[in-house]
Amino acid sequence: MVTKYEKKHTCPTDFKPVRRRQATNWVVGECVKRKLINLGRIYRPRDVMDDMKRKFGVDISYSVAWRGRECAYDNLRLGTPEQSYKLLPGYLHMLMATNPGSVVNMEVSDGNKFQYLFIAFAASIHGFSYCRPVISIDATHLKGKYRGVLFTAVCHDANQQIFPLAFGVGDSENDASWSWFLGRVKSVFGVNPALVIVSDRHRSINNAVQEVFPQAFHGICMYHLLNNLKTKFRNKTKELEQHYIRTAKTYNLQDFHVLFYTLCSAVPGVKEYLEAVGLDRWTRSHAPSRRYNIMTTNISESLNAVLVKVRELPITAFVNEIRLLCQKWFHERRTKAAGCTTMMSKDIETKLEERKDRAQAMGVICADQYTFDVVDGERNYCVDMALWTCTCRKFQLDQLPCDHVLAVVRKTPYQVYDLCSLYYTREFWHETYRGVISPIPHISSWTIA
């Protein structure tokens, strides 16, 4: 029995225990979790060891650093992968409670296992009405424990930036999953008679678009097709890069025929291949519906790149990162649009100024009050202001004045902004982001009936 405490230390002051029992996995995790708020950050066990030594003077083993980091991750990621799937229904309930009007669908298999997820925020549903009706769709693989595929549907806003429409998660990229995802897109956003869908050439996408959107025009990303051509005609890569892009992007049918002939002459066999794909699906000049200037799925690829670091997260944390990204984008772009003082969005104003500069060197010959002959170098173009057409076809296809129309405007009372589609205006830009994507409280504050 201890009856008296002698307050006398016998250990030397420079002595440090080899093992510090208080530096448990949980304690280490609590000490470093602020470093992991950005879930996409690369934070190695060695970094944990260095931080613990620098901040607390504690030496920990690599294994303790690794387990401590995982404890912090589990906390920030809303649990382990298994726990995350259990939390998902509650999270989706709170998402709809805090963002009324959002559409969320989750399906499970007969064995009560997760199968599909679809999310479209109310703010995105509202904003789509003010965007050009050209939707880019794509899928990318998730890298978490249970893998899966992320499906996305996006479009361009008035300022030529990515506007997220809908997100989906499925088991793999197949006919069933694509049909399920596009079916939800159709039910939420409806079918615009002028709708265009742009994608790569994945067979399941083609099958699903034909099934769900039979009336929509389905265009192919010209860069994905170029990669297919490079694989097919390996010894003609240089010629393809030199001629294919110009052929795909030209607006004018006469120019297309010249460029296509040159391409086919340089790459034997490519004519039959591209005609089998369908000229209307990869060229701007033959498209039966207006693609505006959207010939690729670059906006989908860009979104995938933004999400690349969080695709390894458990499902609920991953969905939350998507919400945070969209919340941030909507706020930043709403603020930017509200501060715009020009009639058009900032990107379009810049484009119009560049075209005005080129138009100054062009000659204009008037035929009557509506029709004009514009001399552009060695070529002439006919502009009809009554029909909103130019023989270069850029004016009518993009719904934005081309160089030749701006040359006419310079010589006549016509106003530039009256000739631009509403989709490019400051008002449509601001209205696109009028909706707010609201935060979701911490799990401890969830109220689920």
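In the hairpin of β4 and β5, which residue takes a positive phi, and how many residues are there between the strands?

Guide: Happy to! The residue is Gln160, with a positive phi near 65 degrees, and the hairpin has five residues between its strands. Before we go on, please keep in mind that this is a predicted model, in which local features need pLDDT of at least 70 and side-chain atom pairs count only at pLDDT 80 or more, while totals for chains, interfaces and linings use all residues. Residues are numbered from 1 along each chain as its sequence is written, and side-chain values use heavy atoms, with hydrogens and water left out.

Strand β4 covers residues 149–156 and is joined to β5 by eight bridges, the two running antiparallel.

Now turn to β5, residues 162–170. Nine of its nine residues are buried, so this strand is largely enclosed by the rest of the structure. (Buried means under 20% relative accessible area, exposed over 50%, and partly exposed in between, using a 1.4 Å probe and protein chains only.) Strand β2, residues 114–120, also runs antiparallel to β5, and three bridges join them. There, Leu117 has Val169 of β5 as its bridge partner.

Stepping back, these strands belong to an open sheet of seven, ordered β1-β2-β5-β4-β3-β6-β7, with mixed pairing. Its edge strands, each pairing on one side only, are β1 (103–108) and β7 (217–220). On average, neighbouring strands are turned by 20 degrees against each other, direction ignored. For a parallel pair, look at β3 (residues 134–141) and β6 (residues 196–199), which share three bridges; Ile135 stands opposite Ile197 of β6.

Helix α4, residues 81–98, touches β1 and β2, and its direction makes about 160 degrees with that of β1. (Contact means heavy atoms within 4.5 Å; axes are lines fitted to C-alpha atoms, for helices over the stretch in contact, and angles run from 0 to 180 degrees between N-to-C directions.) Helix α6, residues 175–189, lies across β1, β2, β3, β4 and β5, running at about 30 degrees to β2. Ser187 lies in α6 and is exposed, with a relative accessible area of 56%. The C-alpha atoms of Ser187 and Pro81 are 30 Å apart, with 106 residues separating the two along the chain.

Ring pairs link Phe118, Phe151, Trp178 and Phe181 into a cluster. (Rings of Phe, Tyr and Trp, the last by its six-membered ring, pair if their centres lie within 6.5 Å; planes under 30 degrees apart count as stacked, over 60 as edge-to-face and the rest as tilted.) The structure holds 21 aromatic pairs. One of them joins Phe330 and Tyr433: their ring centres are 5.1 Å apart and their planes stand at 80 degrees, so the pair is edge-to-face. Phe330 lies in helix α14 (residues 315–338) and Tyr433 in the segment after α18 (426–432), so the pair ties together parts that are 103 residues apart in sequence. Both Phe330 and Tyr433 are buried.

Another stop is a helix pair. Helix α10 (residues 253–266) and helix α11 (residues 270–277) pack at an angle of about 130 degrees, their axes 8 Å apart. The two are therefore oblique to each other (under 35 degrees counts as roughly parallel, over 145 as roughly antiparallel, 65 to 115 as roughly perpendicular, and the rest as oblique). Phe260, Leu263 and Cys264 of α10 meet Val270, Lys271, Leu274 and Glu275 of α11.

Finally, back to the theme of your question. Trp388, in the loop between β10 (379–384) and β11 (389–390), has a positive phi near 60 degrees and is partly exposed at 27% relative accessible area. Arg393, found in the loop between β11 and α16 (394–398), has a positive phi near 75 degrees and is partly exposed at 21%.

Definitions and conventions: Helix = DSSP H or I, 4+ residues; strand = E, 2+ residues; numbered from the N terminus. Pairing = 2+ DSSP bridges.
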